Amino acid sequence: MSHDMQRYLTDPFQEITELGEGLFRLNIGPQLPISGQGRFLVVTDGELVYDIEVDIGYSHRGIEKILEYKNYIQGVVPLERMVMLDTSNILMGFVRAVEDLYGVEPPPRAKYIRTIINELNRISSHLYALGLFAESAGWNPAVFIWTTADREPILDLLEMITGARWSHSFFIPGGVRADLPNGIKERILDTMDYIEKRLEVYEDAWIYNETFRLRTEGVGVLPRDKAIEWGAAGPSLRASGVAYDTRKNEPYSAYPELDFKIVTHTAGDSYARGWVRFEEMKVSIDLIRQAIENIPEGRVKKTLPPRPVKQEALARAETGRGEINFYIYTEGRDKPYRVKISPASFRNFFVIEQLPKIQEIKLADVPPLLYSFDPWFLDADR
Amino acid sequence: MLDWIIEFVRNNFQTLFRITFFPGLTFLFVFTIFAVWFQRKYLARLMLRMGPVHAGKVLGWLQLIADAFKLMTKEIILPKYAYKKLFLFSAITLPVIPAAAIALIPFGPGYAIFNLPGYTAPLFLGIMSLYPIFIILMGWASNNKFTLIGAFRTIYLDVAGEIPIFLAVLGVMIWAGTYDLQTIVEMQRSMWFVIPQFLGFIVFFISYFAMIEKAPMDIPEAETELVFGYRTEYTGALFLDTMMGDYINVLAWTLLMITLYFGGYNGPQIFADPILNGAFWILIKLIILLTITFTVIISYARLRIDQAIRLGWYYLIPLALANIVLTVILKSLGV
């Protein structure tokens, strides 16, 4: 062992020389309670943060490559593993792209069923995200356990409809696998009433709690122009005052026939990002109620033709974390030649890396800042 | 030799009983384990969980004892580049400090481990002010970034919480006209001091969370960014020791709150023996106050360190000074 190496091991602050006076690099993750399946390298002087580097790739599974070996219906199953909380929304973009390739339009009833499942999934994803957000602001796990418990009725509903709680594999190119079971309408409406009641409890208990607002308001402000320039996605973009939502801007499924508004906030701080998620859940409840009331009768799936009619397709969908893009190129077989996925978390990680450059961030603000973006490493790694 | 020991025990039976059983070592061990179990069980219920259920037939009461045994059997890892002597010394000494302070608290008329007449309240604060120093030593000796940041945060939090809490206690001492905890308790037979010292009590109660380092002011061990703060590098029995110190610290400050504001051992006559009666009431008050403390713990997000200092210096210290002025005015008016 060289002398330098010895010195480095005895003095953890040896990095001072390379980073500057009084600065050192703090390794948040991948084993820290809050870090998730990735790592954040934070350059700090103990209180102020000068740089955040997001280190992704700990859970890379090569989903894009796997999809090249599966046909389009088989590809649904591994693809869902990108975000287990939000499987159907992730799938939506892929299914749309494949339908575009084959020139197939799903039956109207299938579109409505897809919308219901998408919105149920969005509520469960946002509940989980908000629970983690509260915990990252230093809450005891109470809030996280409440929100996780309140996902249960939604997961039960999804199990009734699709047969699985998390990875449904329910959307296939051309429609959905099965029709809605009997008596599901009352069950869905009851669950929506329950979730709405619980959201009121959350408002009282912690969304408008003083300490929670103290910790998150004014933290990690993302201005409108920078949000657009750096390509923030989903609720993080809408919290900066940009009214962009794929469900509205490029409507798919039953969204064009349903009436809803895009939730936006002008502050652009961590609290605004959490608030947008919270309000979006109310919008989702409303959408589900509309969809279940207006659902048309008919078939739920169409058979794909033997050969794709186009060579390439690009489709997008709004997931819980933002817009996901799928580009599929095919050589006319039943398998794609190349699938390129552009997930929302990946773009949000870039925004997180840029934020310390435009404002002062404290070390204690780092976890709420990260979790206001609802980062999902599995999503970014693919 | 044996004769001498028997003679010594016979002559000093009262003192030895107090040191070893109540309110001494046995009580501290049992109550620490009870407090942790109670916290886990109570917080679990608020979180819609069950808490520990498996060990022991009723309410998982054996769980904490099982945990303690498990921790004692684990390897103690000394970090290679830690200052080993300081690392061991600071962790082992940590629980001694609040335990020494508890020795001054009267649990019945004339029933404390050290029945010092006179300056017990300032002495209590003096002993308790050593506690953060050992936390800083722990963080420093571990030679780790997370522990060091946690230790420095303890210094800041101390500045934010210790000064207001001392000023609040000063208000009580002025109102009572004495430094003696025993006399302060005796003066509360007719009226608890929480009524005339209400402003001071508010200051005490908020600073209390900074002193016990629990949410919303568990800033030094902020789990989300600092793993476990100054305690990160401790394992096995040493970890158990630091947790012990933590909960005895909670116990010490809660006992001081009861003594100063909630009438100490005073309460309606249930047992004929005044000491038994006093101990009974002090335990009842302790459990009620711990329940309130745990409810606060779960109801708020953690403050940032600068917010805690702002709270301490902008609001709590002026409020505590106002309380002292008010107390002096009331005293001079002869209320």
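Analyst: One definition to begin with: two residues are in contact if their C-beta atoms, placed from the backbone, lie within 7 Å. Also, this is a predicted model.

User: What scores does the predictor give?

Analyst: The complex gets an ipTM of 0.80 and a pTM of 0.85. Chain B has an average pLDDT of 87, and 100% of its residues score at least 70.

User: Back to α3 of chain B. At what angle do α3(B) and α4(B) cross?

Analyst: Roughly 115 degrees, with the axes of α3 (residues 25-46) and α4 (residues 63-73) of chain B coming within 9 Å. Angles of 65 to 115 degrees count as roughly perpendicular, so α3(B) and α4(B) are put in that class.

User: Left-handed or right-handed?

Analyst: The crossing of α3(B) and α4(B) is right-handed. I33(B), V36(B) and W37(B) make the contact from α3(B), and Q63(B), L64(B), I65(B) and A68(B) make it from α4(B). That contact has six nonpolar residues, one polar residue and no charged ones.

User: Over to chain A. How do α7(A) and α8(A) pack?

Analyst: Helix α7 (residues 142-162) and helix α8 (residues 184-207) of chain A pack at about 170 degrees, and their axes are 11 Å apart. α7(A) and α8(A) are therefore roughly antiparallel.

User: Which residues make that contact?

Analyst: From α7(A), they include D150(A), P153(A) and L157(A), and from α8(A) they include R187(A), Y194(A) and W206(A). By class, the contact of α7(A) with α8(A) has eleven nonpolar, one polar and three charged residues.

User: Last one: K65(A). Exposed or buried?

Analyst: K65(A) counts as exposed because it has 11 C-beta neighbours inside 10 Å; the cut-off for exposed is 12 or fewer. K65(A) sits in helix α3 (residues 63-68) of chain A.

User: What is the C-alpha separation between K65(A) and K340(A)?

Analyst: The C-alpha atoms of K65(A) and K340(A) are 9.3 Å apart, although 275 residues separate K65(A) and K340(A) along the chain.

Key
Residues numbered from 1 in each chain as written. Chains lettered and ligands numbered in written order. Predicted model: local features only at pLDDT ≥ 70, side-chain atom pairs only at ≥ 80, totals over all residues. pLDDT = per-residue confidence, 0-100. Axes fitted to C-alpha atoms, helices over the stretch in contact; angles between N-to-C directions. Helix = DSSP H or I, 4+ residues; strand = E, 2+ residues; numbered from the N terminus. Parallel < 35°, antiparallel > 145°, perpendicular 65-115°, else oblique. Left-handed = near helix turned anticlockwise from the far one by under 90°. Nonpolar A, V, L, I, M, F, W, Y, C, P; charged D, E, K, R; others polar. Buried ≥ 20, exposed ≤ 12 C-beta atoms within 10 Å, placed from the backbone.
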